[in-house]
2 protein chains.
Amino acid sequence: MKAYDLRILPAAPSRGALSPIPGEDVVLRGGFWGDRQELNSTRFLPHCYAWIKRMGWVDAFREAAEGKPTVDRKGKSFTDADVYKYVEGLIWEAARTGDPDLEAQLLELETVIAAAQEPDGYLNTYFGHKGVDARYKDLSHGHELYCAGHLFQAAVARLRTHGEDLLTTTARRLADRVCEDFGPDGRQQICGHPEIEVGLMELYRATGEPRYLKQARLFINRRGHRTLEAHAIGFEYYQDDVPVREGGIFRGHVVRALYYAASVVDLAVETDDTNLLESIIRQWDATVARRTYLTGGMGSRHLGESFGNDWELPPDRAYTETCGAVAAIHLAWRLLLATGESRFADVIERLLYNMVATFWNVEADRFFYVNPLHQRQSGIAVADGEVPFRKDTLRAPWFWVSCCPTNVVRLMPTLSAYAATSSEEGVQVHQYFEGTIAAMGDTGPIARLAVRTRYPDDGEVEVEVLESSRSAWTLSLRIPDWASDGARVSIDGGQSLVAPGMARIRRIWKSGDVVRLSLPVVPRVVLPDPRVDSVRATAAIQRGPVVYCLEDVDLPDGLTVNEVAIDPAARLTDVEGPAGLDDGLVAVRASGRRVELPASVPWPYGSDRRSEVRGRLDLTLIPYHRWSNRGPSTMRVWIPVVRAE
Amino acid sequence: MKAYDLRILPAAPSRGALSPIPGEDVVLRGGFWGDRQELNSTRFLPHCYAWIKRMGWVDAFREAAEGKPTVDRKGKSFTDADVYKYVEGLIWEAARTGDPDLEAQLLELETVIAAAQEPDGYLNTYFGHKGVDARYKDLSHGHELYCAGHLFQAAVARLRTHGEDLLTTTARRLADRVCEDFGPDGRQQICGHPEIEVGLMELYRATGEPRYLKQARLFINRRGHRTLEAHAIGFEYYQDDVPVREGGIFRGHVVRALYYAASVVDLAVETDDTNLLESIIRQWDATVARRTYLTGGMGSRHLGESFGNDWELPPDRAYTETCGAVAAIHLAWRLLLATGESRFADVIERLLYNMVATFWNVEADRFFYVNPLHQRQSGIAVADGEVPFRKDTLRAPWFWVSCCPTNVVRLMPTLSAYAATSSEEGVQVHQYFEGTIAAMGDTGPIARLAVRTRYPDDGEVEVEVLESSRSAWTLSLRIPDWASDGARVSIDGGQSLVAPGMARIRRIWKSGDVVRLSLPVVPRVVLPDPRVDSVRATAAIQRGPVVYCLEDVDLPDGLTVNEVAIDPAARLTDVEGPAGLDDGLVAVRASGRRVELPASVPWPYGSDRRSEVRGRLDLTLIPYHRWSNRGPSTMRVWIPVVRAE
């Protein structure tokens, strides 16, 4: 049996350009993400636990164990997966904090889950019991194997941080069942929602069992050949339209596409299949270039929760589900490790500050499902205790379908693992989190570093070498893609301008050495590519990695955001954030105009449909991630520009 | 028993500002709509009949009669309605043409339908049989009463054009069953898809049976109180969110909203309920002002086939289902008859030339389901014989869900009825179709008129009085809303400028009198209201009632429509239409620029994302209704404007 490394590693490829540094070796101390990690731990994790119980999703396992039909529970066929994702988060969090109460909660859940397992290893509370549909009855839409995949990922977390136990045994028994039922001699089918592929790949990594890799490969290769049922919005909905090697860009359901792509990267890496890896890089690059919002969010269609066509990026009906952001982080992280190229970390940064941070309200007891960039009318408020069916509301305590919260729950305790990597060459810092990093090389410790910063409030980052090996190594600091003008690195009194990418400093380091990175965190105007028709003649404000927005509570005279234009040539300045939000929040002051819209007429098209630009107006923009914390409002990221008259 | 008036009347209110003129009293002779009515008759009607048989939707009745389960047929729970809508179209067409083959086909279908009726009057092929779901099991989503409503409308057509027979007996037995099951002492429920309400109202009008009006009123008043199941996109999906008297604007599923509104108008008219009528007028006016596309199309969301919020009118993802256009015509017609106000006929005109006419291909053997105003990438082509699940393809021979074709089939034979009305005052001509109009007043014939025109190719309309009563009466000619500049009426050598609305000429008419209407059918630039964010800084071209578009087959050098801008200040001229389309089609020549888009970059947002305007370019625009007849293409109605540099 393999001796497990007990480590917080959200993915553990056996090779690649960069090696991950386990989460326990990167300690966040306050700051933007340390505070949020704490809030996730103290507020959001218990919030989610209360809700998955209240919705009956845990009891579904008890009922399955007792042989009761379970189709009447609140929620869809895939709620087992939400329990598993919660359990995965709990495992990482228990490992991060060592909290014995979390460990006790985990053991209770492991028992409940294991009790529902059939003697032959099958496990699902929605299918395969008396009075409900038979096993594998609805592979296209039933999410049965998807749920299994999430159990495997939870088991992987347990194997990496603890070792074998009841949960991992349960998962392996189910994995063996799946390999039997869907192997070379089994059903030549796949699941409508990819996930089991990445679950199996990681389970292979955590156990060394080659059968899991083989089964993942079977599933991966079966997709793309119209293997599933025809779908009302096309086979692309579940990436069953084109074999992955031939894909040009991600398409269809966003979370399905990205989970699938993550499994393909895992397979490519573990089998040294360069061509396969390149197929995903090609699709990722095309998607980032043509199907991604300024916030990093992906998915412009509510119908099918899917990528739109190229340049189809409406701000008002942006779907950009939070799950898609977590999935994109998982994928980008794998690509970063495989290639070492900083553009993948750039997207992770964008997603963290503008999608993940936007998820919770200030109190972390409500969350967004979808993430529009324009709220033309005040959004739909959700009452306390209300569980919306619809997904396009403002933040709610819970949704009928609640895939997103448990995805955030499993991301946050592992967040520190995304900060840095190591390689033969040295240490790479990708995300500037306040805290410490301990990096091991193949032959021993490389260094311990302290990162001190108020990023993203300002752009000053101090990296101090606390301890170092005696050999020369390279400290690489990511210069974000947005920092194309004025990023500077200084060391020993010398200073140099650096371009986006990796700033590399190679030397023999000693304790007390300090590198100062100065990133140009100042507000700046961003224009959309003219192919993004839906935001023609508008501009947005970004400051460092943070996208800003205009919310009508910050406008005078009861104006909505639809009655305002911005002057993109005027000066932008940092100002104190408005009351009711975080202390010290940096807002941006811009200059604009009041727009007098034409009178309401019976028909909105004609030669006279023009707006009049009136008096100058100071605009106060806040970080997009803090919108909708002061009641329903209109909001926009892309603001019409004042035209030269 | 009532002596039926045998007449082609798509709606027959017992009172109102205007009285409809039956379709057989308005004879189309060629021209834009006469040709299409003929094509519908000779090509599209048989096409639809072949397909509803091929899909098993007729056999479903046979199988139900034999007591076989029928859930495995191709199509959803509502395919009975498509058979009924086809039958309604067949009835109108048989009446219009007197074709005995159509009558024979009708009698066969009547027998097939009647055989499936249960002894107690219940009739549905999807519910209420051995092996399938019980009656009324899924009122929210099952479309059971919706299907019944369409049977009633077919029976009404038969009563109006023929009198009682097997179909009308079948319908009345079902109506009586519904009144029993859902009456004051029955289930206090409604159907998730409104239609039975308007079916019952019209059946009341055609039979005089007051029980049907009472049942329609019960259904109408039950809606709006969260009577149905909670819906994933809100109770507004089926107009069950707010009682109709309190509604401010149409919302939710477009066809549901408009069918419902039509029934409410019918109820308001028959019960002299002014307040109720005004509630629909208010919602209609608000919807036309804020939730309607330039084409008259309604419904901007694919998800839920629904109205978007105010000003949410994306051109690329416009849903604007053809069924919604037919439903809007039905509703606008009722409002026109009730109020006599020309703005309702304006919208009918817009819908006819830009939605209904766009439906078929030139050969009338394929049709659109959804109707985008911007095709950024070439659309999805459909092979011969292919039946798409997805609705966002180019024209197809048939769709898996095919509600639209049978709606067009029942509209086209009645089209002439929309041309004109009569009142105590005289005759009103609303649509300028080439043909003759015979108008009866309460006390006898008013007049016979000949309308001669090439409208909408040009704006010259000649109305000749062929016969007239001896008393003075008013000839009213609708001046369309778009004709605000330069419409002229001339008679007896005199000429006067007329404004949009009704141009009225009162006199004692004699045979041979001729009125000449000259409408300014010239190409003109139309700008969108600045609140329609998705088409900011663009312009469209309209010529008379016809919206034009740019299709890339008419651009040089392989340009797509995304690489072109239009100069809205430059001159527009009529030119001959391109080859491969109708002879004599009028195209429009505009002046634009070639747009050089920025190079493709990894990230589409930044300070440098600007396009360059290059050399001048002649643009040839074609009527929107003729797009996609020359293979897959990019297309746009709203074209970015060249900016002053």
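In which sense, left-handed or right-handed, does α3(A) pass α4(A)? The structure is a predicted model, in which local features need pLDDT of at least 70 and side-chain atom pairs count only at pLDDT 80 or more, whereas totals for chains, interfaces and linings use all residues. Residues are numbered from 1 along each chain as its sequence is written, while chains are lettered from A and ligands numbered from 1 in the order in which they are written.

The crossing of α3(A) past α4(A) is left-handed, a label given if the near helix is turned anticlockwise from the far one by less than a right angle. Helices (H or I, at least four residues) and strands (E, at least two) are DSSP runs, numbered from the N terminus. The axes of α3 (residues 79-97) and α4 (residues 100-115) of chain A come within 9 Å and cross at roughly 150°, axes being lines fitted to C-alpha atoms, for helices over the stretch in contact, with angles running from 0 to 180 degrees between N-to-C directions. This makes α3(A) roughly antiparallel to α4(A), the term for angles over 145 degrees. Contact, defined by C-beta atoms that are placed from the backbone and lie within 7 Å, involves residues of α3(A) including A:Leu90 and A:Ala94, and residues of α4(A) including A:Leu106 and A:Leu109. The residues of this contact divide into 7 nonpolar, 2 polar and 2 charged, where Ala, Val, Leu, Ile, Met, Phe, Trp, Tyr, Cys and Pro count as nonpolar, Asp, Glu, Lys and Arg as charged, and the others, Gly among them, as polar.

Between the chains, the contact takes 53 residues from chain A and 53 residues from chain B. On the side of chain A that touches chain B, β14(A) gives the most, with 5 residues, and the residues of that side divide into 25 nonpolar, 12 polar and 16 charged. Strand β20(A) is joined by 2 bridges to β14 (residues 523-528) of chain B, the two running antiparallel, and A:Gly606 stands opposite B:Leu527; strands are taken to pair if DSSP finds at least two bridges between them.

Within chain B, an open sheet of 7 strands with antiparallel pairing has the order β2-β6-β7-β8-β13-β10-β11. Strands β2 (26-28) and β11 (494-497) of chain B stand at its edges, each with a single partner strand, so one side of each lacks a neighbour in the sheet. Over 7 bridges, β6 (residues 435-441) and β7 (residues 444-453) of chain B pair in the antiparallel sense, with B:Leu449 in β7(B) as the bridge partner of B:Ile437.

Conventions:
Contact = placed C-beta atoms within 7 Å. Parallel < 35°, antiparallel > 145°, perpendicular 65-115°, else oblique.
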